[in-house]
Amino acid sequence: MNDFITVYSGDLMRRIKSRPFIIGLLLGTFAIIAMFKLPTMLAPSIVNQGTRILIVADAPLAAQARPLLAKTLTVTGVVPAGTKIDRALLKRFDADSAVSIADAKNGIGVTIFAKNPTSVPSGRIRAALLPLQVQHSTHLTSAQIATALNANIEVRSLSTKFHSVHQAEAAQGLAMTLVVFLYILVILNSQFVMSAVAEEKTSRIAELLIATVDPMVLLVAKVLVGATLSVLQLLVWVGIGIALGPGGSGSAAGSANANPFSLAGLLGNTLSPEVIAAFILFFLLGFLQISTVFAGVASLINRTEDLGSISGPMVIPTVAGYFIGILAINAPALPIVTVTSFVPLLSPFVMFARMAVSHVPLWQIGTSIALNVLALWGIAWFAGKLYRVGMMLYGRPPKLGQVWDILRSPS
Amino acid sequence: MLSVESIKKSFGSVEALRDVSFSIGAGSVFGLLGPNGSGKTTTMRIILNILNPDGGRVSWNGSAIDRSLRRRFGYLPEERGLYGKMAVREQIIYFGRLHGLHEPDAGKRADAWIERLEIGSYALRPAAELSKGNQQKVQIACAALHEPELLILDEPFSGLDPVNADILLAVLLDLKAKGTTLVLSSHQMWQLEQLCTAYCVINKGETRATGTLVELRSAWPTRIVRVGPDSPALRDAAGKLGATIAGSENGDLDLNVPANSDFAAMLRRFTEADSIVKFEVVEPSLHDIYLRAIGAAV
């Protein structure tokens with residue numbers, strides 16, 4: 001135990017003071033700040049892109065269309081029908097597009113002339129002019145049309161998990177954010193664990209350490225230091241998220257209505273204790289599984305330059321887990337989602353995402369956790385074997401046959 | 001006492017150790033000799049339990065070497081390694097703690113070693129900024145801070161300049177005086193002869209010779225008798241005694257004779273044969289014994 005504490009505390013202090021950790025923490029912090037503040041800063045320019053319009057219509061039609069369009073767009077001017085529409089006209093009226101409106105056989109005909117057709121808010125224009133179209137095709141009064149178009153639509157949740165649409169949207173946004181966090185933390189810190197193992201091996205300090213401390217103690221301490229730093233990073237980032245949340249524009253998922261990082265949101269039903277517990281548990285399971293594999297495999301390399309080539313294939317399950325996790329947030333009942341929520345290395349992402357947005361039977365959660373714990377035990381055995389031998393293996397990297405021999409050899 | 005009994009170790013199809021045996025008395029200094037690739041480092045790693053032997057047994061005072069015993073040992077590997085960004089003092093303390101020392105004591109001992117090894121000006125600097133020789137001194141402090149019962153040093157003198165080699169020699173003699181058992185390998189025979197009380201020569205994974213220098217010499221079948229000045233009468237007398245001429249240098253004649261020869265009688269015969277001013281029985285050096293043990297020409 002003393003060995004473990006010494007190695008753990010020594011490694012922790014080294015890693016906390018290391019440049020990669022500090023840079024990673026700062027970059028993550030900047031990313032979180034950007035995630036919250038950039039939408040607010042950029043929103044006006046993004047939302048208003050292409051919304052300055054010039055109406056081209058005869059006076060009576062223009063008089064009817066203008067108030068409708070002005071509700072959601074900026075009308076910079078009105079010119080009579082037949083006016084030559086070109087870039088100079090748009091420039092003169094400081095408009096992004098000219099909306100030409102004319103009477104047609106079954107209502108009105110609308111043609112939009114835009115400097116940049118991809119930025120035309122045609123949906124908004126269509127919605128704004130809908131009453132005018134109905135009026136011209138049915139000859140009803142404006143009041144009648146307004147009444148007819150004002151359908152009262154209410155969404156009531158039958159889910160036992162969420163009581164409202166807003167709450168479900170908030171949970172989706174939050175789940176998305178947490179899955180992103182999960183992915184970043186697992187990838188970033190597993191790579192750190194891998195680099196630390198490779199550094200000790202390539203600097204030849206490993207032999208000195210192994211002469212003193214049991215290799216398994218070294219491996220476990222290294223992986224747990226990675227987990228500690230991940231939790232530390234998470235706390236910093238979530239803390240910043242909470243601090244910025246109330247004034248922010250929403251989650252990473254861009255859920256406009258929900259503000260899952262607002263203190264109220266966190267304390268409310270959006271982030272239930274089960275979801276928090278699931279996040280922590282699945283984060284730890286995922287991190288421990290992946291970083292242990294990384295550490296074991298890193299012990300086989302002889303040059304830090306080789307890290308990239310071996311980490312590439314090992315990242316694949318993590319990336320797959322991340323994408324299926326994102327899929328699970330939008331479609332938690334898909335068969336692939338259900339199946340992969342039991343597959344170790346993938347399930348930390350997928351099962352957590354399912355739990356965050358849907359009601360998952362308790363037996364499924366229990367089975368997934370049990371399978372993950374079992375897999376972690378197997379991975380620790382596998383990585384321990386590799387690490388014990390790999391740290392003393394210099395020269396050419398071992399072939400697969402040699403790795404197999406290592407795994408079969410007695411401890 | 002350290003006892004190494006018939007240890008064997010293979011790496012895949014390569015037999016690194018076939019049969020290595022020796023024993024070392026407590027408090028002695030033991031030299032492990034052998035050419036590159038002979039199995040010295042593997043033997044050391046097995047003693048330290050870094051590697052498990054495929055066969056044979058290693059024990060310290062009769063007990064198999066386990067984790068708690070290993071904490072009381074020290075090790076300076078051939079391939080040096082330090083945490084490059086960690087400060088020298090911090091590093092020495094860290095390794096002291098790994099060997100069971102507690103912080104205040106480890107700090108005091110680290111300061112004493114830093115002073116002893118004359119690396120005080122680097123104490124707070126990262127190890128990577130030190131020269132190779134100074135890094136080696138830091139490693140020696142890391143290995144010996146906890147006053148180990150057994151200290152294993154793999155090529156401790158390599159990379160050290162003569163001044164630093166003398167410092168290390170003094171440190172090792174000091175440790176010996178305090179009762180630490182030392183096992184060291186080196187290709188510099190003169191340094192080993194200054195330090196070691198017993199030796200083991202390994203070649204191709206096998207023990208070729210083991211014992212004190214006296215024991216190793218006594219097992220040597222011949223001696224060189226240096227007699228001079230060289231003359232035909234002297235050569236004639238040597239031939240009659242059954243000695244073979246090993247060479248002639250600086251006017252003296254080197255004769256190869258059986259180790260159990262009657263040297264007093266031999267001296268009388270030579271003085272009767274000619275006027276001689278030199279008669280010297282040259283004991284085989286460690287270098288000679290080593291070369292013969294590994295099968296190289298002497």
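Reply: Here is a quick tour, one topic at a time. This is a predicted model: local features need pLDDT of at least 70, side-chain atom pairs count only at pLDDT 80 or more, and totals for chains, interfaces and linings use all residues. Residues are numbered from 1 along each chain as its sequence is written, with chains lettered from A and ligands numbered from 1 in the order in which they are written.

Me: How many helices and strands does chain A have?

Reply: Chain A has 16 helices and 4 strands. These are DSSP runs, numbered from the N terminus: helices are H or I with at least four residues, strands are E with at least two.

Me: What share of chain A is buried?

Reply: Of its 411 residues, 39% are buried. Buried means 20 or more other C-beta atoms within 10 Å of the residue's own; exposed means 12 or fewer, and partly exposed is in between, with C-beta atoms placed from the backbone.

Me: Which residues of helix 1 of chain A are buried?

Reply: Thr6(A), Val7(A), Gly10(A), Asp11(A) and Arg15(A). They cover an arc of only 145 degrees around the axis, so they sit on the same side of helix 1 of chain A. The arc is that of the directions from the helix axis to the C-beta atoms.

Me: And on the other side?

Reply: Asn2(A) and Ile5(A) are exposed there.

Me: New topic. Is Lys399(A) buried or exposed?

Reply: Lys399(A) is exposed, because it has 9 other C-beta atoms within 10 Å. Lys399(A) lies in the loop between helix 15 (362-390) and helix 16 (400-408) of chain A. From Ser368(A), Lys399(A) is 31 residues away in sequence and 33 Å away in space, C-alpha to C-alpha.

Me: How many residues of chain B are in contact with chain A?

Reply: 20 residues of chain B are in contact with 16 residues of chain A. Contact means that the C-beta atoms of two residues, placed from the backbone, lie within 7 Å. Helix 2 (67-71) and helix 3 (88-98) of chain B each supply at least two residues of the side of chain B that touches chain A.

Me: Which domains is chain B divided into?

Reply: Domain 1 (2-215) and domain 2 (217-293). The bounds come from an automatic or database domain assignment. Taken over C-alpha atoms, the centres of domain 1 of chain B and domain 2 of chain B are 40 Å apart. Between them, 11 residues of domain 1 of chain B are in contact with 8 residues of domain 2 of chain B.
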